[in-house]
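Please look through the model below before reading on.

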Amino acid sequence: MMAGPGGESSAGGGLARHIPVLLEAVIAALDPAPGKTIVDGTFGAGGYTSALLKRGATVVAIDRDPDAIAGGQALAARFGDRLRLELGRFSEMEGIAGGAVDGVVLDVGVSSMQLDEAERGFSFRKEGPLDMRMGREGPSAADVVNRLKAGDLARIFGLLGEERHAGRIGRAIERRRAEKPFETTGDLAALIERTVGRKPTDKIHPATRVFQALRIFVNDELGELARALFAAERILKPGGVLAVVTFHSLEDRIVKRFLTARSGTAGGSRHLPEAAAPQPIFEKPQKPVAPGKAETEQNPRARSARLRAARRTDAPAGAEDFDSLGVPALFVTAQLGEKAR
């Protein structure tokens, strides 16, 4: 996620509209240098990629948003064959990178560019179409709220948004859309506010968790993150580093569980017989890094960010084990039409 105004250009030319979160900590973990190849799985406005290139590394930069790839062309022209810009999902990095790499960085979640553009429909702070698709393809948030049953909506809001009024909101949406379908971010936010109310002392708008849940569901963000972690494990060279910046507890929990399981640092049960521990695939992870006061003052959107990083061993990659990561077992967006009948 890139956030905040000012600073040096992150995508080639002019002032950057966004500041890469925990940049110094990410660079310290990856230790870029000439001869190293690093995958930036969430190119965005190019903040991490630009810093990696300036330190001599070669970068394979991936983004599922065509606007981000288009915006990075000036940076690609500047650095030539040291930067490959690729349109795709970071879960596809194994096929895109085409070989072993020295580092992988993932900055998980929606970018500030997407949040700030009303026409993308990620935020209710600006009126726009109820869209939320990072890749501009597949079912939109409007499709979800207008077609899924109230019970399915409640599951999405409860599991992915941790919304305690999920059932009430789901039923209210189902009743309202019978009269008129939801089309805009403001329309949905207003319905949620009327349904659960809003106190003057509330720090966040009552629609915040629902919008988070819809965005995660529409873009399959948790499934994408899990698949990307296993892909990164397969393409990292021995000694290569995986660095992941997350912005809320659902993402951070998945990354923590992955690194704990793959580094062999998960504690066993004293009631069970000892079993031979598998060879760790990652070294013991570094302690998570949070932004300091100066960074959060300059960039308020960085407040909840956490960086987790670990170094690859020479052990073979393991089998994909999604259950161990605790990814909620929601139906996929490809089944949307079937679920809505």
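What follows describes selected contacts in this structure.

The model is predicted, with local features needing pLDDT of at least 70 and side-chain atom pairs counting only at pLDDT 80 or more, while totals for chains, interfaces and linings use all residues. Residues are numbered from 1 along each chain as its sequence is written, and side-chain values use heavy atoms, leaving out hydrogens and water.

Asp102 lies in strand β6, residues 101-107 (strands, E, at least two residues, and helices, H or I, at least four, are DSSP runs numbered from the N terminus). Asp102 counts as buried because its relative accessibility is 17% (buried is under 20% relative accessible area, exposed over 50%, partly exposed in between, with a 1.4 Å probe and protein chains only). Leaving aside residues up to four places away in sequence, Asp102 touches residues including Lys36 and Leu236 (contact means heavy atoms within 4.5 Å).

Lys36 also forms a salt bridge with Asp31, at 3.7 Å from N to O (a side-chain nitrogen of Lys or Arg within 4 Å of a carboxyl oxygen of Asp or Glu). Lys36 is partly exposed, at 24% relative accessibility, and Asp31 is partly exposed at 47%.

The structure holds 17 salt bridges. In one of them, Glu221 pairs with Arg215, with the closest N and O atoms 2.7 Å apart. Glu221 is buried at 6% relative accessible area, and Arg215 is buried at 11%. Another salt bridge joins the side chains of Asp252 and Arg308 at 2.7 Å, N to O. This pair links distant parts of the chain, with Asp252 in helix α13 and Arg308 in strand β8, 56 residues apart.
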